[in-house]
Amino acid sequence: MISEKQADEEMVSSLNESESQEKEEQIKQDDSKFGLKSLLWHGGSVYDAWFSCASNQVAQVLLTLPYSFSQLGMLSGIILQIFYGIMGSWTAYLISVLYVEYRSRKEKENVSFKNHVIQWFEVLDGLLGPYWKAVGLAFNCTFLLFGSVIQLIACASNIYYINDNLDKRTWTYIFGACCATTVFIPSFHNYRLWSFLGLGMTTYTAWYLTIAAFVHGQVDGVTHSGPSTLVLYFTGATNILYTFGGHAVTVEIMHAMWKPQKFKSIYLLATLYVFTLTIPSAAAVYWAFGDQLLTHSNAFSLLPRSRWRDVAVILMLIHQFITFGFACTPLYFVWEKVVGMHDTKSICLRALARLPVVIPIWFLAIIFPFFGPINSAVGALLVSFTVYIIPALAHMLTYRSASARQNSAEKLPFFLPSWTAMYVVNTFILVWVLVVGFGLGGWASMTNFIKQVDTFGLFAKCYQCPPPASATAH
């Protein structure tokens, strides 16, 4: 049995090495022809994956975390960021293990993935069957759909603080058209430059928020009453759950790597860097403005207009375009497979086939322009299952038999060298997220979301915009 397992491992290793060599040879060929283009356009290294994960993990949510701190209070806000960051890194690790397991089994059958991008629902299908494929496809696509919607809403919300001549709904129309150009980006291989720039943009914005809040100082009569109600507390908690649940595109990022086996710790390393952006900025803005944030879900709205703030707004707009592409690209892949265009080499034909995906995103962003509250609703109802519950349960079921555990493609992590301990951790995540994230978080976030609908209405023209000067004077 041991020798058979070793033979299997050697076979898988050789297949993986040959495939990575083919990819590297292709990159070298591209380099010889188009040096600069290949440098900026073709990514597949460990560093590319790290930049993709870190850049994708925190985008517009950076601006809503101070709002979450006002709901949670300072201490809970910091603790929950660390808690959900570690939990998110663990489930990203589980997804990477399942991807390697699926790919190893398929490569033993001499299945080739040339011109085919493996996706999460295909991993579930290959390991657990068609019912799991249907569940994974439904949750993943719905989450990515609303993740893209949130980026559009954020674009309109941010640009309004530079140019309020147009209302937020009109800005949504404009940025919907701009973001539709992401149909021309073929895959995650081609986000090398964008990921690098995107992370630089969020880094600037995070430290702008931190420094600007301290320079501004505390407003007169500032109060820090959070947490004041259970609804607000669990709404804020689910926004943080959403913040560190950005690994719905983990499989696609792994597949874009030359050596996917090296992904295992990348998400954790990305999360540790993200902590340096999210915790100081959210804490500083909450310290300065306190309970005012309860009615200002976008941190830009409370900071005074300056050149520094305008730069931060512009950089976040560009980054939201990038993140829109990150969220939409897996949806593009799914749609291409549905209409039979996934193997087409023509970028223009694929772009044309992808356009129908953008239309419902555009429409939903206009219906639900509730920047901030929609994050929590998506976090509770979709992220909780997509990137926490389903990966944990899928991992337990995949390795439920002794033979599956013995012949697993990946070894257990060095800090948890026991299958019993693995099952304990996965069970804890499953129960915690189901009860606290989906149950209590779903109740609180939907209560808050319905309140926004009752207050502003669907198709709100300018959500949380200050009243006109004439109305204020009157």
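The side chains of lysine 106 and glutamate 109 meet in a salt bridge, with 4.0 Å from N to O. A salt bridge is here a side-chain nitrogen of Lys or Arg within 4 Å of a carboxyl oxygen of Asp or Glu. The structure is a predicted model, in which local features need pLDDT of at least 70 and side-chain atom pairs count only at pLDDT 80 or more, while totals for chains, interfaces and linings use all residues. Residues are numbered from 1 along each chain as its sequence is written, and side-chain values use heavy atoms, with hydrogens and water left out.

Lysine 106 is partly exposed, with a relative accessible area of 24%, whereas glutamate 109 counts as exposed at 53%. In these terms, buried means under 20% relative accessible area, exposed means over 50%, and partly exposed lies in between (1.4 Å probe, protein chains only). The count of salt bridges comes to eight.

Another of these pairs is formed by lysine 337 and glutamate 122, whose closest N and O atoms are 3.1 Å apart. Lysine 337 lies in helix H13 (residues 307–339) and glutamate 122 in helix H6 (residues 120–128), so this pair ties together parts that are 215 residues apart in sequence. Helices (H or I, at least four residues) and strands (E, at least two) are DSSP runs, numbered from the N terminus. Lysine 337 is partly exposed at 23% relative accessibility, and glutamate 122 is buried at 14%.

A salt bridge also joins the side chains of lysine 264 and glutamate 410 (3.2 Å, N to O). Lysine 264 is in the loop between helix H11 (250–255) and H12, and glutamate 410 is in the loop between helix H16 (402–406) and H17; the pair therefore ties together parts that are 146 residues apart in sequence. Lysine 264 counts as partly exposed, with a relative accessibility of 33%, and glutamate 410 counts as buried, with 13%.

The secondary structure of the chain consists of 18 helices and zero strands. Of the 474 residues in the chain, 57% are buried. Contact means heavy atoms within 4.5 Å. Among contacts between residues at least 6 apart in sequence, 86% join residues at least 24 apart. The peptide bond from glycine 226 to proline 227 is cis, with omega near 0 degrees. Proline 227 belongs to the loop between helix H9 (192–216) and helix H10 (230–243).

The largest nonpolar core has 144 residues, and those with the most contacts inside it are Val123, Leu209, Phe263, Phe300, Ile361 and Val378. A nonpolar core is a set of buried Ala, Val, Leu, Ile, Met, Phe, Trp, Tyr and Cys residues joined through side-chain atoms within 4.5 Å. Apart from neighbours within four places in sequence, leucine 209 is in contact with Leu62, Leu63, Ser281, Val285, Ala299, Phe300 and Leu303.

The accessible surface of the chain comes to about 19700 Å², and 67% of this area belongs to carbon and sulfur atoms. A nonpolar surface patch of about 680 Å² is made by Leu230, Leu381, Val431, Leu434, Val435, Phe438, Leu440 and Trp443. Helix H17 (residues 419–456) gives the most to this patch, with six residues. Tryptophan 443 and leucine 381 are 62 residues apart in sequence, and their C-alpha atoms are 9.6 Å apart in space. Not counting residues up to four places away in sequence, tryptophan 443 touches Leu230, Val231 and Phe438.

The confidence of the model is given by pLDDT, the predictor's confidence in each residue, from 0 to 100. The chain has a mean pLDDT of 84, and 89% of its residues reach 70 or more. Among the elements of the chain, helix H12 (residues 266–289) has the highest mean pLDDT (94) and helix H18 (residues 469–473) the lowest (45). Over residues 1–12 the pLDDT stays under 50, and the model has 11 contacts beyond four places in sequence for them. The pLDDT is also below 50 over residues 24–34, a stretch with nine contacts in the model beyond near neighbours in sequence. Where pLDDT is low, the predicted coordinates should not be read in detail.

Definitions and conventions. Patches are made of residues with over 30% relative accessible area and no salt bridge: like charges are joined within 9 Å, nonpolar side chains (Val, Leu, Ile, Met, Phe, Trp, Tyr) within 5 Å. Accessible areas come from the Shrake-Rupley method with a 1.4 Å probe; for residues, only the protein chains shown count as cover.
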